[in-house]
Amino acid sequence: MARVLVDAENVRRSLWPNIPKNELEDLAKRWGADHGHEVIVVWESETSADDRIARAAAELEPPVWVVTSDRELRERVAPHAERLVGGGSFARELRS
């Protein structure tokens, strides 16, 4: 089982029309259950989602996957992430 950190705003805005927040949460959780992974959808808050994802990627037990198309975030998490998944690819898979 991988822990899959999802850059929520990046994924939800990868498709037009954008995926509504509650729909993204539901689809991601269902995808995790179907594939046997723990999905953690990370939203912006008082701390940026990027900072929270980077910190979690470094602290969580492997394997850790990160879902984002943000190049800077991908570079930050690369040393800790077993797999990097593009936000648009993930969004399309959720919607299929």
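**Questions about a predicted fold**

Q: In which helix is the place of Arg12?
A: Helices here are DSSP runs of H or I with at least four residues, and strands are runs of E with at least two, numbered from the N terminus. Arg12 has its place in helix 1 (residues 8-12).

A word on the model: it is predicted, with local features needing pLDDT of at least 70 and side-chain atom pairs counting only at pLDDT 80 or more, while totals for chains, interfaces and linings use all residues. Residues are numbered from 1 along each chain as its sequence is written, and side-chain values use heavy atoms, leaving out hydrogens and water.

Q: Is Arg12 buried or exposed?
A: Buried means under 20% relative accessible area, exposed over 50%, and partly exposed in between (1.4 Å probe, protein chains only). Arg12 has 14% relative accessibility, so Arg12 counts as buried.

Q: Which residues does Arg12 touch, not counting those up to four places away in sequence?
A: Contact means heavy atoms within 4.5 Å. With residues up to four places away in sequence not counted, Arg12 touches Asn18, Ile19, Pro20, Lys21, Leu24 and Trp43.

Q: How are helix 2 and helix 5 oriented to each other?
A: Axes are lines fitted to C-alpha atoms, for helices over the stretch in contact, and angles run from 0 to 180 degrees between N-to-C directions. The axes of helix 2 (residues 21-35) and helix 5 (residues 87-95) come within 10 Å and cross at roughly 80 degrees. Angles under 35 degrees count as roughly parallel, over 145 as roughly antiparallel, 65 to 115 as roughly perpendicular and the rest as oblique. Helix 2 and helix 5 are therefore roughly perpendicular.

Q: Which residues make the contact of helix 2 with helix 5?
A: Helix 2 brings Glu23, Leu24, Leu27, Ala28, Trp31 and His35 to the contact. From helix 5 come Phe90, Glu93, Leu94 and Arg95.

Q: Where is Pro79 found, and is Pro79 buried or exposed?
A: Pro79 sits in the loop between helix 4 (71-77) and strand 4 (83-85). Its relative accessibility is 65%, so Pro79 counts as exposed.

Q: How far apart in space are Pro79 and Ala58?
A: In sequence, Pro79 and Ala58 are 21 residues apart. In space, their C-alpha to C-alpha separation is 8.2 Å.

Q: What pattern does the protein follow along the sequence?
A: The secondary structure comes to five helices and four strands. Read along the sequence, the pattern is β-α-α-β-α-β-α-β-α.
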